[in-house]
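Have a look at it first, then read on.

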Amino acid sequence: MELNEYQNSDELRHDQQKSDGGEQEVSKPERDGKSAAPVRGIWSPFISFILPGLSILLSLVVLSTVVILFSQHFREVKMPDANFKPHHSQLKSNVTRLSEEVRSLLAEHKSQMSKQKENPPQVQCPDQWRRFQQNCYYFSLVTKNYTDAQRSCTSMHANLVVINSAEEKVFLQHWTHKGSHWIGLSDSISEGDWRWVDGTDYASSVKFWSPNEPNNRYNVEDCAELLVYGEWNDAPCNFHRYWICEKSA
Ligand SMILES: [Ca+2]
Ligand SMILES: [Ca+2]
Ligand SMILES: [Ca+2]
């Protein structure tokens, strides 16, 4: 009878609560002497404040990480450009310096060429040879016939002298006071067909024959000699004369 009264009273209370709107949270039955209301009170601040705060903090951490990663990536991309600028500047400096050196060398080369043109280098001739312009001359100390004189010159890598100008004639005349000298001119192949020993064209070259020479006296005069006063005469080739050799320096 007591149990029925208790159940009835409990049902009555439950129905009464439903009739009050049913929106209010139903209190949990008591367990271990504690009700549900104090548990909800503990988690409520966590849900209301701490959890949103943690969400915001986490969002900030993620955002900061993303920003840092982008910054690093951007710096890596910019790094080659930053390194390139000094390198490019150094290359430009080197090119400028090399250009100046080339200009300086060209100017020096031009200056040296000009000096060489004004003062050509001195030609070195062997001992006992004398220099005139760009050639060397050997004046014999003994006499020989024309053929042996030419052979002597050939043995010294030279030829009997070929007179190409009045200046050369004057130079030779200065060193031939002791007597007549063979020069490299003859008509032994064909009478009257005078030929220089080195192939120089006789017709167009200067000539310094003495008056009435060459006269081919007795029809045996086929070799030219330089007389002491600088003019030429045709004489027999087997006569012994001094001779003059000439070769390029
Ligand atoms: Ca000559
Ligand atoms: Ca002759
Ligand atoms: Ca003659």
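What follows goes from the whole chain to its parts.

## Getting your bearings

This is a predicted model, so local features are described only at pLDDT of at least 70 and side-chain atom pairs count only at pLDDT 80 or more, while totals for chains, interfaces and linings use all residues. Residues are numbered from 1 along each chain as its sequence is written, and chains are lettered from A, with ligands numbered from 1, in the order in which they are written.

The secondary structure comes to 4 helices and 8 strands; both are DSSP runs numbered from the N terminus, with helices being H or I of at least four residues and strands being E of at least two. Starting at the N terminus, the elements go α-α-β-β-α-β-α-β-β-β-β-β.

The predictor's confidence in each residue is its pLDDT, on a scale from 0 to 100. The chain's mean is 81, and 72% of its residues reach 70 or more. Residues 1–39 are another story: pLDDT stays under 50 there, and the model has 7 contacts beyond four places in sequence for them. Two residues are in contact if their C-beta atoms, placed from the backbone, lie within 7 Å. Where pLDDT is low, the predicted coordinates should not be read in detail.

For the chain's contacts with a separation of 6 or more, 60% are between residues 24 or more positions apart. Of the 249 residues, 14% are buried. Buried means that 20 or more other C-beta atoms lie within 10 Å of a residue's own, exposed means 12 or fewer, and partly exposed is in between, with C-beta atoms placed from the backbone.

Which residues of helix α3 (residues 146–155) are buried? They are Tyr146, Ala149, Gln150 and Cys153. These four sit on the same side of α3, because they cover an arc of only 95 degrees around the axis, the arc being that of the directions from the helix axis to the C-beta atoms. An α-helix has 3.6 residues a turn, so residues three or four places apart point the same way.

Over on the other side of α3, Arg151 and Ser155 are exposed. The cover over the buried residues includes β3 (159–160), β4 (181–186), β6 (221–226) and β8 (242–248). After α3 comes histidine 157, with a positive phi near 60 degrees.

## Strands side by side

Strands count as paired if DSSP finds at least two bridges between them. Strand β1 (residues 129–132) pairs with β2 (residues 135–139) in the antiparallel sense, over 4 bridges, and arginine 131 stands opposite cysteine 136. β2 is also joined to β8 by 5 bridges, again antiparallel; here tyrosine 137 has glutamate 246 as its bridge partner.

β6 is well wrapped, with 6 of its 6 residues buried. It pairs with β4 in the antiparallel sense over 3 bridges, and with β7 it runs antiparallel over 5 bridges. Cysteine 223 stands opposite alanine 235 in β7. The β6 and β7 hairpin has 5 residues between its strands, including glycine 230, whose phi is positive at about 95 degrees.

## The nonpolar core

A nonpolar core is a set of buried Ala, Val, Leu, Ile, Met, Phe, Trp, Tyr and Cys residues joined through C-beta atoms within 7 Å. The largest one has 23 residues, and Leu160, Val161, Trp182, Ile183, Ile244 and Cys245 have the most contacts inside it. At least two core residues come from each of α3, β4, β6, β7 (232–236) and β8.

Tryptophan 182 stands opposite glutamate 225 in β6. Apart from neighbours within four places in sequence, the contacts of tryptophan 182 include Tyr146, Ala149, Leu160 and Cys223.

Most residues other than glycine have a negative phi, and most peptide bonds are trans. Glutamine 133, in the loop between β1 and β2, has a positive phi near 50 degrees. With 12 C-beta neighbours inside 10 Å, glutamine 133 counts as exposed.

The loop between β5 (195–196) and β6 holds proline 214, which is joined to glutamate 213 by a cis peptide bond with omega about 0 degrees. Asparagine 216 is found in the loop between β5 and β6 too, and its phi is positive, about 50 degrees.
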